[in-house]
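Subject: Structure handover

Hello,

Please find the structure below. My notes on it come after.

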Amino acid sequence: QVQLVESGGGLVQAGGSLRLSCAASGSIFGIDVMGWYRQAPGKQRELVATRGGTTNYSDSVKGRFTISRDNAKNTVYLQMNSLKPEDTAVYYCYAHRVAWSGGRLASNDYWGQGTQVTVSS
C-alpha cells in the first residue's frame with residue numbers, strides 16, 4: 001500500500017500563490033506517475049497535472065501551475081500562481097504504481113485525503 005499525505009492548502013486572494021506538497025510513504029517502489037487532481041463543489045474530479053515519463057497539465061492551469069517531483073524525498077509539489085476563484089476546489093494527490101503481486105504485474109491508483117484550496121475574489 002501507498003500512503004499519500006498532502007499539505008499546503010488554504011485561503012488566498014485572487015492573483016496570489018500557493019504551493020501544495022504531497023509525500024508518499026509505504027510501498028513506494030514502482031510508483032511511476034504522481035500528480036494532482038481537484039474537485040470543486042458539484043463537479044467531477046478533474047486532472048490538474050501529472051508527472052511521470054512526461055508532464056501533463058490541464059488547459060485551465062497551463063502557464064500558471066507547475067508540477068515538480070523530488071524522487072529522493074518521494075514528494076510531488078504543485079506551485080500555483082495567478083490563482084483564480086475558479087481554482088477553488090479540494091486538491092487530491094495521486095500516485096500510480098506498478099508492481100509484481102501474486103506472480104503477475106498489478107497496476108494500482110492511490111489517492112491522498114485532499115486539501116482545500118479557496119481563492120477569494
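The notes below cover the strands, the disulfide, one glutamate and the salt bridges.

This is a predicted model, in which local features need pLDDT of at least 70 and side-chain atom pairs count only at pLDDT 80 or more, while totals for chains, interfaces and linings use all residues. Residues are numbered from 1 along each chain as its sequence is written, and side-chain values use heavy atoms, with hydrogens and water left out.

Strands

Strands here are DSSP runs of E with at least two residues, numbered from the N terminus; two of them pair if DSSP finds at least two bridges between them. Strand E4 (residues 31-39) pairs with strand E9 (residues 89-101) in the antiparallel sense, over 8 bridges. Within that pairing, tryptophan 36 has cysteine 93 of E9 as its bridge partner. E4 also pairs with strand E5 (residues 46-51), again antiparallel, and this pairing has 5 bridges. There, methionine 34 stands opposite arginine 51 of E5. E4 and E5 make a hairpin with 6 residues between them, and glycine 42 in its turn has a positive phi of about 75°.

Disulfide

The structure holds 1 disulfide (a pair of cysteine sulfur atoms within 2.5 Å). It is formed by cysteine 22 and cysteine 93, with their sulfur atoms 2.0 Å apart. Cysteine 22 lies in strand E3 (residues 18-26) and cysteine 93 in E9, so the pair ties together parts that are 71 residues apart in sequence. The torsion about the S-S bond is about -85°, so the disulfide is left-handed. Cysteine 22 and cysteine 93 are both buried; buried means under 20% relative accessible area, exposed over 50%, and partly exposed in between, with a 1.4 Å probe and protein chains only.

Glutamate 6

Glutamate 6 is found in strand E1 (residues 2-7). The side chain of glutamate 6 does reach two backbone nitrogens: that of glutamine 113 at 3.1 Å and that of glycine 114 at 2.9 Å. Leaving aside residues up to four places away in sequence, glutamate 6 touches (heavy atoms within 4.5 Å) several residues, among them Cys22, Trp36 and Cys93.

Salt bridges

There are 4 salt bridges in the structure. In one of them, the side chains of arginine 38 and glutamate 46 meet at 2.7 Å, N to O. Arginine 38 is buried, with a relative accessible area of 5%, whereas glutamate 46 is partly exposed at 37%. Arginine 38 also meets aspartate 87 in a salt bridge, at 3.0 Å, N to O. That pair links distant parts of the chain: arginine 38 is in E4 and aspartate 87 in the loop between strand E8 (75-80) and E9, 49 residues apart.

Arginine 64 forms a salt bridge with aspartate 87 too, the closest N and O atoms being 2.7 Å apart. Arginine 64 sits in the loop between strand E6 (55-57) and strand E7 (65-70), 23 residues from aspartate 87. Both partners are buried: arginine 64 has a relative accessible area of 11% and aspartate 87 one of 1%. Through shared partners, salt bridges join Arg38, Glu46, Arg64 and Asp87 into one network.

Regards

Notes
Helices (H or I, at least four residues) and strands (E, at least two) are DSSP runs, numbered from the N terminus. A polar contact is a pair of N or O atoms within 3.5 Å; within protein, one must be able to donate a hydrogen and the other to accept it, and residues adjacent in sequence count only if both atoms are side-chain atoms.
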